[in-house]
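Here is a short tour of one protein model, written for someone who likes to have the structure open while reading. Take a look at it, then read on.

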Amino acid sequence: MRVLFQQQQHTTTTTTTQQQQQQQPQQQQQQNTEPASVAAPSPPPPSASKKTLVVAKADFNGNPDKQQLSLRKGEEFELLDDTKKWWIVKNHEGKEGKVPSNFVKIVQ
């Protein structure tokens, strides 16, 4: 019985080793035949290279619960999104929020 178990174990180990050896050349062949893909670096997004600034035309008390920023006349902000009536801007402290578009004007 013991001899039969050892023989089975040897057979299983031999079969597993043979399978691994057969798979290695196949994997190497696949690696050698696949074309090397080189990704070109993507250009920076337009907003990253050129910031649009807006300046507050008047004071506005924003509601933080509605993600609004307060404005002080003459204060500058970076414009992030102007696709709606409430624009999204970033202040000098790095805080982002909504402001009414009619309270700011684009300066750059």
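The report below covers the model, the overall fold and the aromatic rings.

## About the model

This is a predicted model, in which local features need pLDDT of at least 70 and side-chain atom pairs count only at pLDDT 80 or more, while totals for chains, interfaces and linings use all residues. Residues are numbered from 1 along each chain as its sequence is written, and side-chain values use heavy atoms, leaving out hydrogens and water.

## Overall fold

The protein has 2 helices and 5 strands, arranged along the sequence as α-α-β-β-β-β-β. Helices (H or I, at least four residues) and strands (E, at least two) are DSSP runs, numbered from the N terminus.

Of its 108 residues, 18% are buried. Buried means under 20% relative accessible area, exposed over 50%, and partly exposed in between (1.4 Å probe, protein chains only).

## Aromatic rings

Rings of Phe, Tyr and Trp (its six-membered ring) pair if their centres lie within 6.5 Å; planes under 30 degrees apart are stacked, over 60 edge-to-face, and the rest tilted. This rule gives 2 aromatic pairs. F60 lies in the loop between β1 (52-56) and β2 (76-81), and W86 in strand β3 (residues 86-90), 26 residues apart.

F60 is buried, at 16% relative accessible area, whereas W86 is partly exposed, at 37%. Ring pairs join F60, W86 and F103 into a cluster.
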